[in-house]
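Dear colleague,

I am handing over the structure below, together with some notes on what turned up in it. Please read the notes with the coordinates open beside you.

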Amino acid sequence: MRRLGVRENDALVVHSSLRSLGKVQSGANAVIAALLDVIGANGLLVFPTFTYWTQVFDPTIDPCLTGIIPETARVWPGAVRSWHPTHSVAAIGAGAQELCAGHHLVGGNALGSPLDKLAARDGSILLLGVGHNSNSTIHVGEAHAGVPYLDVPFRADSFSSATIITRDGPLEVPLKFPSGCSKAFGAIEKVLRERGQVRDGMIGDSLAQWVKAQAVIQATVDILRADAGGLLCTDPDCYRCTQSRERLK
Ligand SMILES: [Zn+2]
């Protein structure tokens, strides 16, 4: 991980596939412990703990749908989970509370969301055996670009609000700026590579990429300024992208 660019005191969001690593003794626990070992006590480790279609969300118990490494991080001693009903994150380390605070009041990956704050803190992104279609910071870039499709829901039947179960009782919140489709996000990789901003490495059997979050936001903004539909997929059955293209006409 150090060879790849991860340093002590780093703030890092990790998108991962445990299976991609091959056989790991102690599994997800070992991966998280190794990351914490590298970034140290003043670093900050963030994982997407998305639940996607939750209409009633209990951040203390609801498992995530983003894999075994985030699910293990979610229950890690000292981990903080944000309250966003569909796109929560788990954070471990320095500044975890501040990063997660108020997430339920903004869009999942909108301006002011944890991944936006991570970028503002000069954070980095580690893709561990997954591609840029798992790189949620690109959604933050869409928000910075101000594309006209930010409020288009993912599906026609997407709900517009959700209830969070808090210690003080249920809290209903609107679901603003739903995160869209990421099937075409792989297009960013060429731009990042041309700019020399990707570091590649092997961790176990896993192909890993490391990139600065600010670089991803800047590349997203540049792609979308040149072509506002440049990160929409071409799947005719994708509600989000077909509706978004209509907005661009
Ligand atoms: Zn799509």
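What follows is a short account of the salt bridges and the cysteines.

Please keep in mind that this is a predicted model, in which local features need pLDDT of at least 70 and side-chain atom pairs count only at pLDDT 80 or more, while totals for chains, interfaces and linings use all residues. Residues are numbered from 1 along each chain as its sequence is written, and side-chain values use heavy atoms, with hydrogens and water left out.

A search of the whole structure gave ten salt bridges, a salt bridge being a side-chain nitrogen of Lys or Arg within 4 Å of a carboxyl oxygen of Asp or Glu. One of them pairs Glu-71 with Arg-74, whose closest N and O atoms are 2.8 Å apart. These two residues lie three apart in helix H2 (residues 68-74), so about one helical turn separates Glu-71 from Arg-74; helices here are DSSP runs of H or I with at least four residues, numbered from the N terminus. Both Glu-71 and Arg-74 are buried, where buried means under 20% relative accessible area, exposed means over 50%, and partly exposed lies in between (1.4 Å probe, protein chains only).

Helix H6 (residues 188-194) contains Arg-193 and Glu-189, which are four residues apart and therefore separated by about one helical turn. Their side chains meet in a salt bridge with an N to O distance of 2.9 Å. Arg-193 is partly exposed at a relative accessible area of 35%, and Glu-189 also counts as partly exposed, with 22% relative accessibility.

Another salt bridge joins the side chains of Glu-194 and Lys-190, at 3.0 Å from N to O. Glu-194 and Lys-190 are likewise four residues apart in helix H6, which means that about one helical turn lies between them. Glu-194 counts as exposed at 59% relative accessibility, and Lys-190 is exposed with a value of 59%. Salt bridges with shared partners also link Glu-189, Arg-193 and Asp-200 into one network.

As for the cysteines, the search of the whole structure found zero disulfides, a disulfide being counted as a pair of cysteine sulfur atoms within 2.5 Å. Cys-233 is buried, its relative accessible area being 7%, and Cys-241 counts as buried at 1% relative accessibility.
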